[in-house]
Amino acid sequence: YVCSTWGNNHFKTFDGDIYQFPGMCEYNFASDCRGSFKEFSVHIQRALNSNNHPQIQYILLTIKDFTVYLRPKLAVVDGRIVKTPFYSSGVLIESNDIYTKVYAKLGLILIWNQEDALMVELDNKFNNRTCGLCGDYNGVPIYNEFINGGDYNSITYGNLQKISKPNARCEDPDETRALPSCNDHRDECERLLTSSAFADCRLRLNLEMYIQACMQDKCACKGKEDAFCLCSTISEYSRQCSHVGGRPGEWRTQHFC
């Protein structure tokens, strides 16, 4: 039911595939694509922050003909800035210092940490109806199931989701350069993700996918002890665990994350 993106350009589709896509344009994250009239669409755009880490710059959510534009600490509905909590036409927007949440009556919940991590939960009436970076939501979690005939990589796939805007100058990531694979740091990532704080999470989530994402983060940071490299995937694991009813313990410490 949940599609998410976090940290170093990781994506988890509704069907459970995890992949990386480093694009910095505006993309279709998830939309209803069955008919000519879209019941909803979610677009996102990332940018690099002052530490050179990818952050979500804005989210554009359309519910029928109702438009919500979200930036950190800002919500704009149909062109005007609104105070939260805000309720209108079956859409509730709440926000605090840490999260922005949108609940839409048609069966969508959006949760954004106002930084790198976005989670969209969709009613299963949208099974097999969606398109975008979140995949087709048909319940078949074959690795790269969103690929036609298996000859695309995740970068080609991601580039196809770009929203074309006439005045936007935005480079597509290079499809011929595969993202570097990474086999280092397994022990450290495994130790962090199987710590006793996550005892209640192990049977609820696919641990291996988060270990792989953590390894990619560590490789990308080339050994720098950077909180973003280490904490973003562990935070996502913790969020996803809570979301499926698990109870992660206190894993952050004064010196870690």
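**Entry 1, Thr-5.** I set aside the neighbours within four places in sequence and found Thr-5 in contact with His-10, Phe-11, Phe-29, Ile-44, Arg-46, Ile-56, Asp-116, Ala-117 and Leu-118. This is a predicted model, so I keep that in mind throughout. Thr-5 belongs to strand β1. Is Thr-5 buried or exposed? I noted a relative accessibility of 0%, so Thr-5 goes down as buried. I also looked at what its side chain does, and found a polar contact of 2.7 Å with the side chain of Arg-46.

Next I looked up how the protein is divided. The domain assignment gives domain 1 as 2-160 and domain 2 as 183-244. I read 22 Å between their C-alpha centres. Where they meet, 20 residues of domain 1 are in contact with 14 residues of domain 2. The two domains bury about 1400 Å² between them, and 61% of that is on carbon and sulfur atoms. On the domain 1 side, I marked Trp-6, His-53 and Met-119 as losing the most area to domain 2, together 34% of what that side buries.

How many salt bridges cross between domain 1 and domain 2? I found zero by the rule. Polar contacts were another matter: I have five residue pairs between the domains. I then asked which elements supply the domain 1 side. β1 (2-6), β2 (10-12), β3 (18-20) and β14 (118-122) each give two or more residues to it. β1 gives the most, with three residues. By residue type, I wrote down eight nonpolar, eight polar and four charged for this side.

A search of the whole structure gave me nine salt bridges. I picked a few to follow up.

- Glu-26 and Lys-165 meet through their side chains at 3.0 Å, N to O. Glu-26 sits in strand β4 (residues 26-32) and Lys-165 in the loop between α1 (154-160) and α2, 139 residues apart. I have Glu-26 as buried at 8% relative accessible area, while Lys-165 is partly exposed at 32%.
- Arg-129 pairs with Glu-39, with 3.4 Å between the closest N and O atoms. Arg-129 is in the loop between β14 and β15 (130-131) and Glu-39 in the loop between β4 and β5 (40-48), so this bridge ties together parts 90 residues apart in sequence. Arg-129 counts as buried, with a relative accessible area of 11%. I also saw that Asp-32, Glu-39 and Arg-129 are linked in a network of salt bridges.
- Lys-218 and Glu-188 form a salt bridge at 3.4 Å, N to O. This one joins helix α3, which holds Lys-218, to helix α2, which holds Glu-188, across 30 residues. Lys-218 is buried at 5% relative accessible area, and Glu-188 is partly exposed at 23%.

My last stop was the loop between α2 (186-193) and α3 (207-220), where Arg-204 is found. Which residues does Arg-204 touch, leaving aside its neighbours within four places in sequence? I listed Val-244, Gly-245 and Gly-246. The side chain of Arg-204 reaches the backbone oxygen of Val-244 at 3.5 Å. Arg-204 and Gly-245 are 41 residues apart along the chain, and I read 8.5 Å between their C-alpha atoms. With a relative accessible area of 37%, Arg-204 is partly exposed.

Conventions: Residues are numbered from 1 along each chain as its sequence is written. This is a predicted model: local features need pLDDT of at least 70, side-chain atom pairs count only at pLDDT 80 or more; totals for chains, interfaces and linings use all residues. Side-chain values use heavy atoms; hydrogens and water are left out. Domain bounds come from an automatic or database domain assignment. Contact means heavy atoms within 4.5 Å. Buried area is the accessible area (1.4 Å probe) that two parts lose on being put together, summed over both. A salt bridge is a side-chain nitrogen of Lys or Arg within 4 Å of a carboxyl oxygen of Asp or Glu. A polar contact is a pair of N or O atoms within 3.5 Å; within protein, one must be able to donate a hydrogen and the other to accept it, and residues adjacent in sequence count only if both atoms are side-chain atoms. Helices (H or I, at least four residues) and strands (E, at least two) are DSSP runs, numbered from the N terminus. Ala, Val, Leu, Ile, Met, Phe, Trp, Tyr, Cys and Pro count as nonpolar, Asp, Glu, Lys and Arg as charged, and the others, Gly among them, as polar. Buried means under 20% relative accessible area, exposed over 50%, partly exposed in between (1.4 Å probe, protein chains only).
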